[in-house]
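Here is a briefing on nonpolar packing, aromatic pairs and a surface patch. Please keep the model open while reading.

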Amino acid sequence: MRNTIKRFLPNHESVHSNRWLRPFANSLLHPRLWHLNRHSAAGAIALGLFCGLIPGPFQALAAAAGCVMFRVNLPLAVVTTLYSNPLTIVPLYVLAYGVGSRVMGMSTNGFVQPPDMGELQFAQWLGALADWMVGLGKPLALGLIVLAAIFSLVGYIGVKAAWRVWLIRAWHGRRARRSSGS
């Protein structure tokens, strides 16, 4: 499992040789940020899922800062933030608004539909989308935090469980090969 994931991640040398990352070499090149085991993978997925709901283009930056702070796998956390993208952000925010409204005990009847791209240019639509999100206010903000925490917890437990299942299957496979080879 680890080798499969490592194929898609950048190696330590490519980060070290990148001129844009050189000023941050002391913190970004810490070995625990690049080591992949069940603990760093679970923490990275949880952090990436949490940071994926941060509004705006700050998701990867927040994930990287969290990785430096918690010493979990950096590339995996940054890649995990990509689950929220232009195709999924509106449904995620609608869900977050619903969760926030329920937590606050509000009715969701006052919900205003997100702006339709229709005749608008992409930049105008993004501005209208930002205005729509600001108009949703407290239920959306609370819902984003609650939803991010839920995603993070489910991701952490899911990775730990999946890695454990994989390890148990590998142990059983080795035991079967040893017993059949003897």
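Beyond its neighbours within four places in sequence, C67 is in contact (heavy atoms within 4.5 Å) with L33, L47, V72, N73, L74 and A77. The model is predicted: local features need pLDDT of at least 70, side-chain atom pairs count only at pLDDT 80 or more, and totals for chains, interfaces and linings use all residues. Residues are numbered from 1 along each chain as its sequence is written, and side-chain values use heavy atoms, with hydrogens and water left out.

**Nonpolar cores**

- A nonpolar core is a set of buried Ala, Val, Leu, Ile, Met, Phe, Trp, Tyr and Cys residues joined through side-chain atoms within 4.5 Å.
- Buried means under 20% relative accessible area, exposed means over 50%, and partly exposed lies in between (1.4 Å probe, protein chains only).
- The largest core has 20 residues, and those with the most contacts inside it are A41, C67, L74, L76, V159 and W163.
- Helices α4 (38-51), α5 (59-70), α6 and α8 each supply at least two residues of this core; helices are DSSP runs of H or I, at least four residues, numbered from the N terminus.
- Helix α4 gives the most to this core, with seven residues.
- Another core lies apart from it, with 15 residues, among them I89, Y93, L136 and L144.

**Aromatic pairs**

- Rings of Phe, Tyr and Trp (its six-membered ring) pair if their centres lie within 6.5 Å; planes under 30 degrees apart count as stacked, over 60 as edge-to-face and the rest as tilted.
- The count by this rule is two aromatic pairs.
- Y83 and F151 form an edge-to-face pair, because their ring centres are 6.0 Å apart and their planes are at 75°.
- This pair links distant parts of the chain, 68 residues apart: Y83 is in the loop between α6 (74-80) and α7, and F151 is in helix α8.
- Y83 is partly exposed at 22% relative accessibility, and F151 is partly exposed at 23%.
- F122 and W125 have ring centres 5.9 Å apart and planes at 35°, so this pair is tilted.
- Both F122 and W125 sit in helix α8, three residues apart, about one turn of the helix.
- F122 is partly exposed, at 46% relative accessible area, whereas W125 is buried, at 11%.

**Surface patch**

- M117, F122 and L126 make a nonpolar surface patch of about 270 Å².
- Accessible areas come from the Shrake-Rupley method with a 1.4 Å probe; for residues, only the protein chains shown count as cover.
- M117 lies in the loop between α7 (89-104) and α8 (122-181), and is partly exposed at 34% relative accessible area.

Notes. Patches are made of residues with over 30% relative accessible area and no salt bridge: like charges are joined within 9 Å, nonpolar side chains (Val, Leu, Ile, Met, Phe, Trp, Tyr) within 5 Å. A salt bridge is a side-chain nitrogen of Lys or Arg within 4 Å of a carboxyl oxygen of Asp or Glu.
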